[in-house]
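Student: I have a new structure to look at, and I would like to learn how to read it. Could you walk me through some of its features?

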Amino acid sequence: MLVVFVLDTSASMNQRLRSPCLSLLDLAKMGVDHFVKARQSRQETRTDKYVMVSTDSGGGHVKVTPKDSPIDLSASLRYLTGHGYTCLGDALRSALEVLNQDRLSSGSSPGGLDNYGLGWNPAFCEPAAILLFTDGTLPTSEKGIVNHLNVPPLQRVEQQLNEGSFHWDQRLFSVEIRAPVPTTEQGVAMVEAEQLKPREGLRELSESVGGSAHVVRSLKELLTLMEQLAACIRNCIVAQMRVEIPSSLGPDLTEDRLSLALVDTHPVALYSVSQAQGRWPIQEDFGLEPSTERLPLRRSHPHLVLRRSRDFDGQLPWYLPCDQHELGSCAFTDALLSQHRNEVWKVYVRSRDGGPGDEAPCGFVKANPEGTALHLFMLPYNF
């Protein structure tokens, strides 16, 4: 896996804690170092490659490349200083450009990793995790304060084929390091709740790509979080999923019983279960005509719709191969497991232009025999 550290090196990161007397940037450096050591202590993650990007202005964002070793990463951390503006958008763009620079030439197919026009193939991916360390202040530049986090378009030819900057194998985890705020006894509860709440722009961006947003206020909390992330970040792909409410709801499936967590679209991480992958790619969400001269822009993630199946029990013949993925735990999967554990859901690709994606299923979702997790079985279109 490729892990990218994006460190906020703005002047606001020079704020210091009372105990220990360290700046927020010092804590971020210690968090990066602790995460790397935790990953290297595990057999399955020792081969990780690392990239480090800062918010320095002037185009010198990338400090460590995938060709550098963890020793080079540790050495580069020592020279980071807090100064300048909070250019988070530009730093994230630099990180994504490093991740995406070889996607068109990588892989065994002429179309590179993404196989534009040939479907989403889990066998062709480069899982990556971006860890963003910041103090949670609004992005700033020479023009002033920006009220929202905006990632500028990537300056690459590959960007002309995609709607967004992220791909389905790239996730963002934001870590906000905040210094405790002195409060009166009456305002402690309100300030505590406000300090533990991630900033909206960071949380929305992180969760939209299958990641998560976190807030820490001490070195102990930061190191604990780094150990948790080092253990839970695994190779995966991300798909946007939702449950479609049928036009005529059955007596046991009513609108008030169907959780809103299922009706809304949610990014869900898919972890490979079967050893061999890529037998049946997820088809594109658009149709092609003989007169088509240019492919539509590809979305950042495939959009899958789950429809309750009444004519299929989820049993496959032994001779039919399939790609099997475990759905990561989130509000969507938890609601599906708690309310409809014994159901089988056919999976459809949500078409955006009236193409054939909605007409026939390309797989199904059902719980594992223990009922503790949901598994996605990818099969040929209209199986």
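Tutor: Let us begin with how the chain folds back on itself. Among the contacts with a separation of 6 or more, 75% join residues 24 or more positions apart. Keep in mind that this is a predicted model.

Student: How many helices and strands are in the chain?

Tutor: The chain has eight helices and 15 strands. Of its 383 residues, 51% are buried. The chain also exposes about 18600 Å², with 51% of that supplied by carbon and sulfur atoms.

Student: Why does glutamine 324 count as buried?

Tutor: Buried means under 20% relative accessible area. Glutamine 324 counts as buried because its relative accessibility is 18%. This residue lies in strand E12, and its side chain makes a polar contact of 2.6 Å with the side chain of histidine 375.

Student: What about a charged residue, lysine 29? Which side chain of opposite charge is nearest?

Tutor: That is aspartate 26, at 4.5 Å. A salt bridge needs the two charged groups within 4 Å, and lysine 29, though buried, has none. Lysine 29 is in helix H1, and a polar atom of its side chain lies 2.8 Å from the backbone oxygen of leucine 80. Beyond its neighbours within four places in sequence, lysine 29 is in contact with Leu77, Arg78 and Leu80.

Student: Can we try a loop residue too? Where does methionine 13 lie?

Tutor: Methionine 13 is in the loop between E1 and H1. With a relative accessible area of 0%, methionine 13 is buried. Leaving aside neighbours within four places in sequence, its contacts include Asp8, Leu24, Ala28 and Thr134. Look at threonine 81 as well: 68 residues separate it from methionine 13 along the chain, while their C-alpha atoms are 8.9 Å apart.

How values were computed. Residues numbered from 1 in each chain as written. Predicted model: local features only at pLDDT ≥ 70, side-chain atom pairs only at ≥ 80, totals over all residues. Heavy atoms only, no water. Helix = DSSP H or I, 4+ residues; strand = E, 2+ residues; numbered from the N terminus. Buried < 20%, exposed > 50% of the residue type's maximum accessible area, 1.4 Å probe, protein only. Polar contact = N/O pair within 3.5 Å; in protein donor to acceptor, adjacent residues only side chain to side chain. Contact = heavy atoms within 4.5 Å. Areas by Shrake-Rupley, 256 points an atom, 1.4 Å probe, with all protein chains shown as cover. Lys, Arg positive; Asp, Glu negative; His and termini not counted.
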